[in-house]
Amino acid sequence: MNIRSLLLSSAAAATVLFGAVAAQAQSPAVGPDARSALSAGLRDAGQAASGLTLEYSVAPAPGFFDPDSLWGPPTAEEAAAMRARAAAVEAGTAQPLPAPKYSPLALANSDMAMSGGRLFVGNFNGFNAYDVTQGEPELVLSVVCPGGQGDLSIHGNLLFMSVEQNRGRLDCSARGAEGDVNAERFRGIRIFDISDLSAPRQIAAVQTCRGSHTHTQVPSPTDPNVLYIYNSGTSSVRKSGELSICSDGEPGQNAETALYSIDVIKVPLNAPEQAAIVSRPRIFADRETGEIAGLWKGGRYGVAGQESGPTNQCHDITVYPEMGLAAGACSGNGILLDISDPEHPSRVSELFDPDMAYWHSATFNAAGDKILFTDEWGGGVGARCRAQDPATWGADLIATIEDGRLVGKNFFKLPSVQTAAENCVAHNGSLIPVPGRDLMVQAWYQGGISIVDFTDPAKPFEVAYFDRGPVDANRMYVAGHWSAYWFNGRIYASEIARGLDVLRLQPGDNLSAAEIAAAERIMAETINPQTQTRPVWEDSPDVAQAYLDQLARSNGIEAGLAGRVRTAVEQWRGGRVDKAGAGELSRALAVIPENAAKADGARLKALSELFGRLGQRG
Amino acid sequence: MSLTTALLVAAVIAAPVVGQTPPIFNPGAPGQGSRVVSAAEAVELSRTGYVDADVRFMQHMIVHHTQAVEMVALLESRGASPLVRRLGERIGQSQAAEMALMQEWLGSRALPTAAADPHAGHAGHMAMGADAPLMPGMLTPAQMTALAAASGPEFDRLFLQGMIQHHQGALDMVDALLDDPQAGEDPTISDFATSVNADQSAEILRMQSILSEL
C-alpha cells in the first residue's frame, strides 16, 4: 500500500488511454462477470463466490476501528469544493471545517502470519492475534503500537514488526497522547516477546535508514541459533543526526548512500535483544562495472509503457531457503538472488517489463522454477480494474527461471471488471499446495480474492474467487483484502476496513475434492508467507487421485490407463493394495508420451513414482 | 474457463464481538513493560497531527511547483528537442498532480493554499534583492525572462539547467522539512516528501544525462 504512488498514476493518467490501446492490442480486455456490480456496504455489501465458501467474517477488534477513519482520495468534485471553501475561509466568508480526524489508513489491517494455531493480523496501529484451532477465530491478543504498515512475522516466541512512518516512537506512544511520550523516533523492525499472551513485551527495536516497509525471515543454513531478517525500506532516508549510519543521495555524489540497498539484520535467537544490522548489500549493482545504481533508472520505456521509479529499493522479498534463492520485487525490476550466504545475497538475474509500474511482491512455485510477481500500479489506493484499465497493468507477471535467468512469460489480471468505487490491483498471496499444479490465492483489495493457476506460465487462468461490493456505491473508500494466504487448510484474508475473512475451497470443474483434500493435509507449525517452504505430500489415495484428476482434465492420460489408475486408487482407499498391480501400473505410467505437455509429464512421473513406492511397501 | 457456479449471496456474516475480549496492550520501549489501554485510547493512539512547518512546506511547495508548470508551458512554442519536450510534459503532469495533492491536504484542513510569508523558512535566501528567487532553487525573475526569450537548442539548454536547479531546490526544501524533528509526522506529508525526493532525484539524473548530450 502506498499513498504516494497515486501521484505517479495521476501523472500517468493523461497517457493511460494511449497506453491502454497498445497494451490491449496484446492481451484480451477484462470483461464483466457476476462480481462486477455487487451492492455496496461496509458490513452488508453483496457477495459473489465461485469455488470458495466464506466460513467466518470477523469484524475489526476493539480499538482498531472507527468509521471516521475510512479514507479515500478526494474526488474531483470534493477537491474543487475544498479549494472553494479554503478560499472562502481566507476571504472571511466561511467557517473552516474541522480537520480530518485521521490520516489515511490510520487503522488499516495489513499483513498476516500463522503460528501455533494462532493467526496474527498486522495493522497500521499495531496487531491482533486470533486462536483459530476451533475454526471460528477467537481474539486472544491486541497490541497497539502505531507506525504502519505493521507487516509481521513470527519465529517461536518472537514477533517481528515493520515500522516505516516518521510518527513511530520507540515506546509505541504517540505525540499528543496522554501520559509519558517518548521523544525518540523509531523506524525499523520491532521485536516483541509473545510467549505470555497476558504480558507481551517489546524486547528490541532495530533502527534502519529508510524504516521498514516489509521484512522477510531467512533462517541461517548453518546455525540454528541464528535468524536473519531482510529488511525492505521504501521511505525517505533519515538524517545522520537522527541515525548515524544514514546518508542520502545518488551514488554518484555519495557512495555511502542508504538508497540502493536492503538491510540484513542478524538475530541471535538466544539473545534476540542483540539483533543488529550486519550488512547492507548493494544488490542492484551492475555485475560488470560495480556501479551501485545498476538497474532501472526510472521513467517510462517507450511511449506506451508504464512510468516506474528507479530501482533503489525492494518493496518485498520472498525467500525459498531450500533452494538458496530469493525473489525481490524491487520498484522497477524483479530480481533473483542467491542467498546461500544470507549475509551476502548476490543477484543472479533481473527482469524489467514496460507494463510493470511497481514490482511489489513475489511468490515462487513449489518446484522453484517459476515466480509470480505482482504489480501494484496506483499503490493500492486507486481503482485499477475498470473496463478501461489495461489487462497487463496492475497484474501478475509470471516468470520462469531458465538456467538461472528470469524470463517473463505472461500476465494474469483479475478477470472481472470492478467499479470506480473499488480500489483494485494485484496484491499479496501464497501458494495452495495442490500436488501437480501451481495454484496461488491472492488478494486484490476491493477486487476480492482470486485463485490463479499458473502451472502453464504462458496460460494462467482463474480457478475460484470471492468478492464483495464496494464500501460505498458512489465514492471510493480504500478497503478490501490486503493479503489472502493459505494457512493449514483454510484461506485467511485480512480486510483493510472490515476485519478478517476465513474461506474454504469448494470442489468444482477446475478443482477436485481430491486436490483440495491433498492440499488441506499440508500442515506447518509456523507460516510466514514470504519465507517459503517446500510442501511434502505423503503418499495417499487423495494425492494419487489429484494427479489423475488433473491428467483427465487436460486429456493427458490414455483412457484405459486412467481406468486402471482409478480402480487402483479406489482399492487403496478401501484399504486393499495390490502390490504387484501397483508395480505394473508404475511401469506403465513411466512411459511418458512424447507429445505430453510439460505439466502432464511431471504428473505421470509423480504418479508412477507413487505407485512404485506403493508396490514396494512392506 | 467456466464460472457457472457463481453464487450471489447478499448476506451479512459479520460476527459481532461477543463476550469478553482480551485487554489491549500498549508496549513500552524495549525492555520495559506494557500498559493496558482502553479501546478508545487505542483508537486515539492512531491519530497524527501536523505542525506549522508542515503547513509552510506544503504552501511553499505549491509556489515552487507553479514555476515548473510555467516553465513547461514555454516548451511548446520555444523548445527544439522532442526528447526534452516529452520529459518536460511528464514533469509538468507530475508537478500538477502534486500541486493538487498539496491543495487538497491544505483545503481539507481549511488552511490557506497561499503562504503568508513566501520568503520565510529558508535562511540561505534571506538576502532579498530585486532578483531574488521566491523559494530555494526557483528561477529568479531575470532567469525566467532569459528562458522566455530563448528558443531552439538554447532554450532546451536553459530549460534543463533551470529545471535541474529548480528540482534541486525542492530536494533542499524536503531536506529542511525532515531536519525539523517535529515535522513530517503526518503520513501524507512524509509520503509526499519521499515521493518528491525519489522522483525529482531521478528526473535530475535524466536531465543531466540529456544535457550532456545536447
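In helix 3 of chain B, the residues Leu83(B), Val84(B), Leu87(B), Arg90(B), Ile91(B), Ser94(B), Gln95(B), Glu98(B), Leu101(B), Met102(B) and Trp105(B) meet Thr188(B), Ile189(B), Phe192(B), Ser195(B), Val196(B), Asp199(B), Gln200(B), Glu203(B), Arg206(B), Met207(B) and Ile210(B) of helix 6 of chain B. The residues of this contact comprise twelve nonpolar, five polar and five charged. The model is predicted.

**Geometry of the helix pair in chain B**

- The axes of helix 3 of chain B and helix 6 (residues 187–213) of chain B come within 12 Å and cross at roughly 170°.
- Because angles over 145 degrees count as roughly antiparallel, helix 3 of chain B is roughly antiparallel to helix 6 of chain B.
- The crossing of helix 3 of chain B and helix 6 of chain B is left-handed.

**Helix 2 of chain A**

- Helix 2 of chain A covers residues 76–91, 16 residues in total, and its span from first C-alpha to last is 23 Å, close to the expected 22 Å.
- Ala79(A), Ala86(A), Ala88(A) and Val89(A) are the buried residues of helix 2 of chain A.
- The cover over these buried residues includes helix 3 (82–108) of chain B.

**Lys579(A)**

- Lys579(A) lies in helix 6 (residues 579–589) of chain A.
- The relative accessible area of Lys579(A) is 41%, so this residue is partly exposed.
- Between Lys579(A) and Gln616(A), the separation is 37 residues in sequence and 6.8 Å in space, C-alpha to C-alpha.

Key: Residues numbered from 1 in each chain as written. Chains lettered and ligands numbered in written order. Predicted model: local features only at pLDDT ≥ 70, side-chain atom pairs only at ≥ 80, totals over all residues. Heavy atoms only, no water. Helix = DSSP H or I, 4+ residues; strand = E, 2+ residues; numbered from the N terminus. Expected span 1.5 Å × (residues − 1). Buried < 20%, exposed > 50% of the residue type's maximum accessible area, 1.4 Å probe, protein only. Contact = heavy atoms within 4.5 Å. Axes fitted to C-alpha atoms, helices over the stretch in contact; angles between N-to-C directions. Parallel < 35°, antiparallel > 145°, perpendicular 65-115°, else oblique. Left-handed = near helix turned anticlockwise from the far one by under 90°. Nonpolar A, V, L, I, M, F, W, Y, C, P; charged D, E, K, R; others polar.
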